[in-house]
Amino acid sequence: MNYENLLISTKDGITTITINRPSKLNALNSQTIKELHSALKVCELDKETKVIILTGSGEKAFVAGADISEFASYSVKEGKKLAALGQQLLFDFLANLSTPVIAAVNGFALGGGLELAMAAHFRIASENAKMGLPEVSLGVIPGYGGTQRLPQLVGKGRALEFIMTAGMIDAKQALDYGLVNHVTSQEELLPLAQSIAQKIMKNSTVAIAAAIRAVNANYTDGINGFAVEIEEFGDCFGTADFQEGTTAFLEKRKANFPGK
Ligand code: COA
């Protein structure tokens, strides 16, 4: 598929998806949301892709939010549809992807941009990154999961201050809050993401997918995460990756996981 607003490249098991609307600071319009859904789906099915890195083009922005020009005249009904569709197509879809996704936050991550980064499995940032949920300054609230994922990541009090003030924090503060795992220079951001991806790729993709499901179960209403963990743990014993991982350990050699 040809993408209007994404650049995609795969090398050595890592697929980098770059949101590419720099003249609009990579703001998420509906076309970009659809393209991201499609690209993530393709990556998940692609045996060559072991880890996905999600970033923004240019030196200024990861994603400066949902595209305000698209929804400024929406009705109540359209607003609800916008949030529901976006969550279904992209934000929940991304959070539940079985392939690990690292958000490399390379500048502004505001509104839907921060929500996108928060839906990724974890985040790293460059020193120039600025993060915020400015929605209440527009008379609306975060609608792509921000009111749920931010408190999970930084705690309720910090999340509410963040949302109510509509302010921005810098990369250092985001690191202090645990919103991002690492901060580095702009030049080192993608190399750092790649080196973390390489460490992930040495392990069983099947077990990693199970771990994502088990961790996510903790954040799903009505689901007992411990029970999901028991099921997923047990299921691993039936995989070829488990056979290989345990055999390789006992034979004192590196595992060569078949990925099934
Ligand atoms: N939606 C639509 N367009 C956006 C956008 C968004 N969320 N964020 C930036 N843009 C566009 C601007 O309208 C501008 O387009 P133009 O050149 O056609 O006028 C272009 O991107 C560059 O942005 P600009 O505001 O000129 O850059 P800046 O460096 O002065 O300011 C920001 C950067 C991020 C502080 C500012 O763009 C901003 O506040 N954006 C909106 C952030 C927001 O509220 N996001 C949440 C949406 S729910």
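Is N5 buried or exposed? N5 is buried, because its relative accessibility is 6% and buried means under 20% relative accessible area, with exposed being over 50% and partly exposed in between (1.4 Å probe, protein chains only).

## About the model

This is a predicted model, in which local features need pLDDT of at least 70 and side-chain atom pairs count only at pLDDT 80 or more, while totals for chains, interfaces and linings use all residues. Residues are numbered from 1 along each chain as its sequence is written, and side-chain values use heavy atoms, with hydrogens and water left out.

## N5 and its partner

Let's stay with N5 for a moment. N5 sits in the segment before β1 (6-11); strands here are DSSP runs of E with at least two residues, helices are runs of H or I with at least four, and both are numbered from the N terminus. The side chain of N5 makes a polar contact of 3.0 Å with the side chain of T32. A polar contact is a pair of N or O atoms within 3.5 Å; within protein, one must be able to donate a hydrogen and the other to accept it, and residues adjacent in sequence count only if both atoms are side-chain atoms.

## Around the ligand

The ligand is surrounded by 15 residues, and the closest are K24, K60, A64, A66 and I68. To be counted as near, a residue needs a heavy atom within 4 Å of the molecule. By class, this shell holds nine nonpolar, two polar and four charged residues. Here Ala, Val, Leu, Ile, Met, Phe, Trp, Tyr, Cys and Pro count as nonpolar, Asp, Glu, Lys and Arg as charged, and the others, Gly among them, as polar.

A polar backbone atom of A64 is 3.0 Å from a ligand nitrogen, and a backbone N or O atom of I68 is 3.0 Å from a nitrogen atom of the ligand. Taken alone, the ligand exposes 860 Å², and the protein buries 60% of that; the areas come from the Shrake-Rupley method with a 1.4 Å probe, and for residues only the protein chains shown count as cover.

I68 belongs to helix α2 (residues 68-71) and is partly exposed, with a relative accessible area of 42%.

## Salt bridges

Side chains of opposite charge can pair when their charged atoms come close. A salt bridge is a side-chain nitrogen of Lys or Arg within 4 Å of a carboxyl oxygen of Asp or Glu, and the count by this rule is six. One of them joins R149 and D92, at 2.9 Å from N to O. R149 lies in helix α5 (residues 146-154) and D92 in helix α3 (residues 76-95), so the pair ties together parts that are 57 residues apart in sequence. R149 is buried at 15% relative accessibility, whereas D92 is partly exposed at 31%.

Another salt bridge pairs D176 with K172, their closest N and O atoms being 3.6 Å apart. These two are four residues apart in helix α7 (residues 171-177), which means that about one helical turn separates them. D176 is exposed at 52%, and K172 is exposed at 58%.

The side chains of R253 and E244 also meet in a salt bridge, at 2.7 Å from N to O. R253 is partly exposed at 35%, while E244 is buried at 15%. Salt bridges that share partners join E244, E251 and R253 into one network.
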